[in-house]
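Here is a short briefing for a first look. Keep the sequence and the 3D view open while you read.

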Amino acid sequence: MNAATLAQSYLIKATKRLKILDVLLSEEAYSDVVREAQEIVELALKGILRQIGIDPPKQHDVGYLIVEYKDRLPDEVEANAAKLARISKWLRKEREFAFYGDIDFIPTEEYSVQDAITAIEDATFTVKMASLVIGYPEKRGE
């Protein structure tokens with residue numbers, strides 16, 4: 001498997017996982033929306049990096065690399081590099097709290113519907129940007 005097909009795999013996975021967010025939102029599982037959105041954003045951004053020839057590091061927030069290598073991206077994605085980095089940083093910061101919480105931070109009580117909606121919008125935007133860089137593979141038989 002080469003970097004391009006691995007990038008496409010990440011994009012496909014991120015796109016399919018977007019569908020789960022609406023289910024979690026309808027269940028009022030707002031912290032789970034935030035956590036899943038983080039994973040979607042991470043997949044999408046790592047797919048972008050692979051597509052442009054960068055082996056992503058084994059860390060959750062790679063948004064800073066999108067900014068660093070923005071000159072390798074299509075114009076629309078380059079123009080949104082800072083936004084993608086902000087999204088990645090915010091969701092990375094929330095990753096563990098949204099899933100595990102802490103003694104004084106109960107995830108099911110701390111996240112609001114607005115947090116969940118913002119996470120969905122951010123994940124959707126990130127996947128859209130990734131699709132502009134990576135592109136979906138052609139289906140067999142087409």
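This is a predicted model: local features need pLDDT of at least 70, side-chain atom pairs count only at pLDDT 80 or more; totals for chains, interfaces and linings use all residues.

Residues are numbered from 1 along each chain as its sequence is written, and side-chain values use heavy atoms, without hydrogens and water.

**Helix pair**
- Helix α2 spans residues 30–51 and helix α5 residues 81–99; helices are DSSP runs (H or I, at least four residues).
- Their packing angle is about 135 degrees, and their axes lie 8 Å apart. Angles run from 0 to 180 degrees between N-to-C directions, with axes fitted to C-alpha atoms over the stretch in contact.
- The contact (heavy atoms within 4.5 Å) includes V34 and L45 of α2 and L84 and F99 of α5.

**Nonpolar core**
- The largest nonpolar core has 43 residues, of which L21 and I66 touch the most other members. Such a core joins buried Ala, Val, Leu, Ile, Met, Phe, Trp, Tyr and Cys residues through side-chain atoms within 4.5 Å.
- α2 gives the most to this core, with eleven residues.
- Beyond its neighbours within four places in sequence, L21 contacts V33, E36, A37, I40, I120 and A123.

**Loop residue E28**
- E28 sits in the loop between α1 and α2.
- Its phi is positive, near 60 degrees, and E28 is not a glycine.
- E28 counts as exposed, at 58% relative accessibility; buried means under 20% relative accessible area, exposed over 50% and partly exposed in between (1.4 Å probe, protein chains only).

Conventions:
Helices (H or I, at least four residues) and strands (E, at least two) are DSSP runs, numbered from the N terminus.
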